[in-house]
Each structure stands twice: as C-alpha cells, then as structure tokens.
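Please keep the sequence and the structure in view while reading.

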Amino acid sequence: MCCQQQKKHEIVFPFLYVPQALLSESNKVHSVPYGPEVSAIMSRRNKPRSGNRHQGDVGQDNLPHNDENREGNSRRGRKRGRDGGSASGNSRLILFGRHPVMMAIANPQRTIHKIWATENVRDEINAALADAERHDVAVDAAGRTDLDEMLPPGTVHQGMAIHCAPLPQLSVEELIADHRDSEQCTVLILDQVTDPHNVGAILRSAAAFGASAVIVPDRHAPPETGVLAKSASGALETVPYIHAGNLNQTLEKLKGAHFWLAGMDGYAEQTLAEAKLYGRVGIVMGSEGEGLRRLTRESCDFLVKLPMSDRIESLNVSNAAAVALYELYRK
C-alpha cells in the first residue's frame, strides 16, 4: 500500500571488524470479519491455484569457543522450527546502543558472550546484569574509539556493545500452536521488505501495538543484525522475527489456522477500517516500489488501503505498518 518508488539505503554489515586487542580480552473458535462477503472469500480460498509458487530470494570468527557454553548464559526458549530460515545463522552478531543492549541482557533467550562498555556506562551494565542474574558475563573496558572501530561508520553505540548469539528461531507452526487458544492475534507479513532500518522500525511498532510476530521470507529480507536491532530499539527481544522458507506456503498455513489475510494496496477499493477485521488477522505488506507480488496478492483474502489526503502519494512502509497496526489495536 505504502510502497511507491523511493531511494533505498540497504547497507547491511553481516561481518563486523573487531579489534584484536578487544578480542583477546577475555484449532479453536475464530472470529469472522463482518464487512466483506464471507462466502465469496471462502470460495476463493477453496479454489485450486495453478502455477509454480515463487520463493522469495555471516562466518566463523576467532572468538574463544568456550564463550559459547558459559554456564549461566541461558539458551532456554524456542528451538529452531521447521520454517526457521538460515538468516539468523550469523555467529558474529554484535548489538549496540542502550535499548538493544539492555533488552538483550534482560532476555533469558539471548546468549551473551561478551560485553564492551565505556567507563561512564559500566555501572549501568553491571546493574542490568545483576538484575538478570547473569553473573558470568564478562564486561570488558573499551573506549569510544575502540567501539567506533568495531562498528559500522556513524554508529550511535552510546558507549556499549555486546557479542551474542542469534535468538532461537520460532517456526510458523510453533507460532500458530502458541496462539491456538487466543481469540485475538495480529501478525505482520512482509513481502520482500529488505531495508533493515524499515524492518527494525516495523518490529518496534509491532511491539507497541501488540502484534504477535513479524514474518518475512527466507530470502530478500534482512537477517538479525546490529543495525536492525538498533532500529527496533529493543523490540527484537520481545517480538518473534520469523524467517519463513516459502512465504506463500506460510500464508496458506495461516489461513488454515483461521487467520484472515489483508494485503495492503494503495489501489484497493476499501480501507482497512471498512474491512472491519477482528480476531486472527494477518497484515501483508509489500516492498517499497513494487508492492505485493502477484502470488502474495492472490493469497490474500482482502486488499485494503489506508485513507490518505491527496497531498502525498504514499507512506514509507514502516509508517504504514504503524498506522495499520494501530487501527487494529484500538478496536
């Protein structure tokens, strides 16, 4: 819906340089939308589709291996599911900035190997570790210059960074099972939204407006990186970020679990509010410029738009996601 042409800034830093000096330191009742014609929708859902499904299109370092298994660094939580993609396979993950770091420390599912902190934030870091009962995590002294060299140019690290493992991947099947008894559940599905800043901002809005997950294809979507985590401002630790192997198969699984799928399209005939969706809802958003792909569009039960004045043609995808999530959340 929101996706007209604009310049993209999609620089991702999957491999970060770390100075050697620093490294050496040690099935249920579901709600039915009452706006559109339900029988027509169900007929379309049951209609067989032909054609091929289109499947949307970081390395070892020299950190001590025993850091991976330090006692007290919890690996509790979700195991990697059948839909879990490989995008979180980056073993050299460095998060930075106050909100991402503090939320990662507080998250028992996040395995932390090492923390770097400048002198003025070290007490804050130690207090957070004590609150989280992470007594074995090393906090190494680092200057701002050290952090500047470690991180992408222009990074706002606020004097702190952590080396950690990617979060365990939740599968779509596990997400559905987790919400089997939920009358209300909203998920956001992104079709080839590739800018980590946009995806991070969408995760932040998802946390603010109670979305249960953000789902992306295994390809043409940003992996878990420090840039994405910083843009999410800590929401990466609280909102499942699911990489699905095949997006269209994932949409079918959600419909089989009684989710109603609304595709955002600026040329749709009805607004999201007019569709009067409630219960289990999936909002599907396409990339900026191209919008929803054909098979993704055909998998949606509805096409909806946001009401806008004629003074602007479109919204950035992350802004449109925030408005759409708010519209569902306020009901």
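In which sense do strand S2 and strand S4 pair, and over how many bridges? Strand S2 (residues 112-117) and strand S4 (residues 160-164) are antiparallel partners joined over five bridges. Two strands count as paired if DSSP finds at least two bridges between them; helices (H or I, at least four residues) and strands (E, at least two) are DSSP runs, numbered from the N terminus. Within this pair, Lys 114 has His 163 in S4 as its bridge partner.

The model is predicted: local features need pLDDT of at least 70 and side-chain atom pairs count only at pLDDT 80 or more, whereas totals for chains, interfaces and linings use all residues. Residues are numbered from 1 along each chain as its sequence is written, and side-chain values use heavy atoms, with hydrogens and water left out.

The pair belongs to an open sheet of four strands with mixed pairing, in the order S1-S4-S2-S3. Strand S1 (93-96) and strand S3 (138-141) are its edge strands, each pairing on one side only. On average, neighbouring strands of this sheet are turned by 25 degrees against each other, direction ignored.

Helix H3 (residues 98-106) packs on the sheet and touches S1, S2 and S4 (contact: heavy atoms within 4.5 Å), its direction making about 45 degrees with that of S4. Helix H4 (residues 122-131) lies across S2, S3 and S4 and runs at about 175 degrees to S3. Axes are lines fitted to C-alpha atoms, for helices over the stretch in contact, and angles run from 0 to 180 degrees between N-to-C directions.

The protein chain as a whole contains 12 helices and 11 strands. Of its 331 residues, 53% are buried (under 20% relative accessible area, 1.4 Å probe, protein chains only).

Technical notes. Buried means under 20% relative accessible area, exposed over 50%, partly exposed in between (1.4 Å probe, protein chains only).
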